[in-house]
Amino acid sequence: MSPRQLIRSAPFRLALAYVALFSVSSIVLLAFIYWSTAGSMVAQAEETIEAEISGLAERYRLTGLGGLVDLVEARASHSGAGSSLYLLVDPGYHHIAGNLQGWPAAQADEKGWIRFKLEDRRDETNQRVHEARAKIFPLRGEYRILVGRDFHDIESIQRRIVSTLAWGLAITAALALIGGALVGRSRIRRLAEINRTIGEIMAGNLSRRIPRRRAGDEFDRLSTNLNKMLDEIQRLMDGVRQVSDSIAHDLRTPLARLRNQLELLHEAERDEEKRRAVELAIQDAENLLTTFTALLRIAQIESGARREGFAELDLPGLLKDVAEYYEPLAEERSQTLRLVLGDWDGPVSGDRDLLFQALANLVDNAVKYAPSGGRITLGLESEGGRARITVADSGAGIPRAHRQRVFERFYRVDGSRNTPGNGLGLSLVEAVIRLHGGEIRLEDNAPGLRVLILL
Amino acid sequence: MKILIIEDDERARAYLRKGLEESGHVVDSAADGKEGYFLANSQPYDALIVDRMLPGMEGLAIVQALRATGSKTPILILSALGEVDDRVEGLRKGGDDYLVKPFAFSELLARLEALVRRAEVESVETRLQVADLTMDLLSHRVERAGRKIDLQPREFRLLEYLMRHSGQVVTRTMLLEKVWDYHFDPQTNVIDVHVSRLRRKIDKDFGQVLLHTVRGTGYLLREPTPTDP
């Protein structure tokens, strides 16, 4: 299976949709985890700062500036790694005590919180700037105390959380994708199997059935149902075939005998008037037989069984034969029959007898309906990789309203009831073209009719 | 000719027997496949008419079995149109010709005679002659009464087939199959136009008519008889 096929397959797309859905829900989940861990760490730090400030304020109230300086120095030295920040300044913002060297430039919000950048003093080689958060508490006499927290640790934890979550998301998505592809592949294989079987059946091998795997899954149920449907179709087609056989045997045989008897009668009869009557009867029997034969033939073609006998054929050669076959008839009616072979030289697989008959029927119609001295053109070109056959005449054409209906059995365009024919010629043509998977269209040739066939 | 009919339908069998006997042939018949096969093996026949669907032994199986034993007797296979048109299968299994039921008796007779004729004339001919009409198959030269006649390639093949079967009726379907090499039911008699064209070339300016139309059946190319005009 090509990657293209895999990507275009329904199960794989379903898997992709699941991956997308899964990723979105994972992101939501991870965002919540992030918020509840990293977010609460900040909140916790802020609470600690508030607590410390209230502790320091209490000390200042009890012991005055001296006691406060001692406590600040003690805490600053305890802080060690320096994640806690302290700074006590005089009214001129000069350093009195604390482990922070200068008063940060940042502006405090109404609650006294500030956010500022802090240069890393611990690692000389790797100078990094950390985020820090602090609260300022004014003391009497324009003294100020700042208590803060270097967010370096929190930041690194946050970073780790983010990268862990990102990796988690990526791995989840990758696993979902692989899982989807694997699950999809086995489904695609089943579906391809079913499609292949149906293709074979459509090609005429009606006895094929879709294999089951006894897994009892939806595919098995689908296969079972399809097989049941195929059994039913085959039963119906056998029924049609039986009816055809019955018509062939029970109706056509006595009719043929009737005609033969009439022929014997005709030979024995000496009375000219009676001979004429018998001749008419023979003609009627003949027409009936022709109609039966044509009907049976269409039914047989539509059953698709002849597709098994398809072989590669020489389309230009076939058209030449048709033109050559009809040329004398056209000439007799002072019509010109032109064969225009274009640039087509691709391979065509089909039943040459049936295609000959189909094209013969079309040219026959063209010769029949084109006026004396008219033009008939039989053409072959290539159109988008397909063979395009046209049969055009300069006759009266077929009014638009009738164009689709002329393919129906026994349908005749009103005016042509007078011309001989049984209304089955175009039905047979359509059946043959359909058997070959082709298209047939009727167009206006202004004047006349143009039949266009794509194979 | 001695002909064996293997056909289970009694009416069809009687009808064939009557027609063939009236045409001056000796007829044996069998209603059962095995019996037919036994008869075909025990006596020499000039031709066999074998139905496809038979009790006892299938028609094509009989043909296959006979060919396997080296029999070269011409065989005409009959089949109902309702079944798949498996002419090719019938011919591949050793049948010489294939006729779909129901058929006009004249069609069957014409085909049967053509088959037997073909079996007789196995030699490679280079020249055909009917009365004063001659055809040289090597130089593709056609003359009548010493006068050269120009023919289109298809007309040449048509005349060749008619000359090879001179004295025999050939039907339109036979011409379509053997000269045009297409198997189908001609809806209109386009072949008549081809034949009348040919007739204009070989018969028109010459006293006696060689190419005759057999009403309701087909055509006949033959030596003139004293009663001809």
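Which residues have the most contacts inside the largest nonpolar core? They are A:Val322, A:Tyr326, A:Val363 and A:Val432, in a core of 104 residues. The model is a predicted one: local features need pLDDT of at least 70, side-chain atom pairs count only at pLDDT 80 or more, and totals for chains, interfaces and linings use all residues. Residues are numbered from 1 along each chain as its sequence is written, and chains are lettered from A and ligands numbered from 1 in the order in which they are written.

A nonpolar core is here a set of buried Ala, Val, Leu, Ile, Met, Phe, Trp, Tyr and Cys residues joined through C-beta atoms within 7 Å. A residue is buried if 20 or more other C-beta atoms lie within 10 Å of its own, exposed if 12 or fewer, and partly exposed in between, with C-beta atoms placed from the backbone. The largest core, with 104 residues, takes the most from helix H7 (residues 352-369) of chain A, which gives eleven residues. Helices (H or I, at least four residues) and strands (E, at least two) are DSSP runs, numbered from the N terminus. A:Val322 touches A:Phe356, A:Leu359, A:Ala360, A:Val363 and A:Leu378, not counting residues up to four places away in sequence. Contact requires C-beta atoms, placed from the backbone, to lie within 7 Å.

Strand S9 (residues 375-383) and strand S10 (residues 386-393) of chain A run antiparallel and are joined by eight bridges. Two strands count as paired if DSSP finds at least two bridges between them. Within this pair, A:Gly379 has A:Thr390 of S10(A) as its bridge partner. Axes are lines fitted to C-alpha atoms, for helices over the stretch in contact, and angles run from 0 to 180 degrees between N-to-C directions.

Helix H5 (residues 272-302) of chain A has 31 residues. From first C-alpha to last, H5(A) reaches 45 Å, close to the 45 Å expected at 1.5 Å a residue. The expected span is 1.5 Å times one less than the number of residues. Buried residues in H5(A) include A:Val278, A:Ile282, A:Ala294 and A:Leu296. A:Arg297, A:Gln300 and A:Ile301 are buried as well. Just after H5(A), A:Gly304 takes a positive phi of about 80°.

A positive phi also occurs at A:Tyr93, about 65°, although A:Tyr93 is not a glycine. This residue lies in the loop between strand S1 (84-89) and strand S2 (95-97) of chain A. A:Tyr93 counts as exposed, because it has 11 C-beta neighbours inside 10 Å.

Chain B comes to eight helices and twelve strands. Of its 229 residues, 37% count as buried. Among contacts in chain B between residues at least 6 apart in sequence, 54% join residues at least 24 apart. Strand S1 (residues 2-6) and strand S2 (residues 26-30) of chain B pair in the parallel sense over five bridges. B:Ile6 has B:Ala30 of S2(B) as its bridge partner. With helix H1 (residues 10-22) of chain B, S1(B) and S2(B) make a right-handed β-α-β unit. Right-handed applies if, with the strands pointing away from the viewer, the path from the first strand over the helix to the second runs clockwise.

An open sheet of three strands in chain B has the order S10-S12-S11, with antiparallel pairing. The twist averages 30° from one strand to the next. Three bridges join S10(B) to strand S12 (residues 218-221) of chain B. One of the residues involved, B:Val169, has B:Leu220 as its bridge partner in S12(B).

B:Asp181 has a positive phi near 65° and is a residue other than glycine. B:Asp181 is found in the loop between helix H7 (172-180) and helix H8 (190-202) of chain B.

Notes. Two residues are in contact if their C-beta atoms, placed from the backbone, lie within 7 Å.
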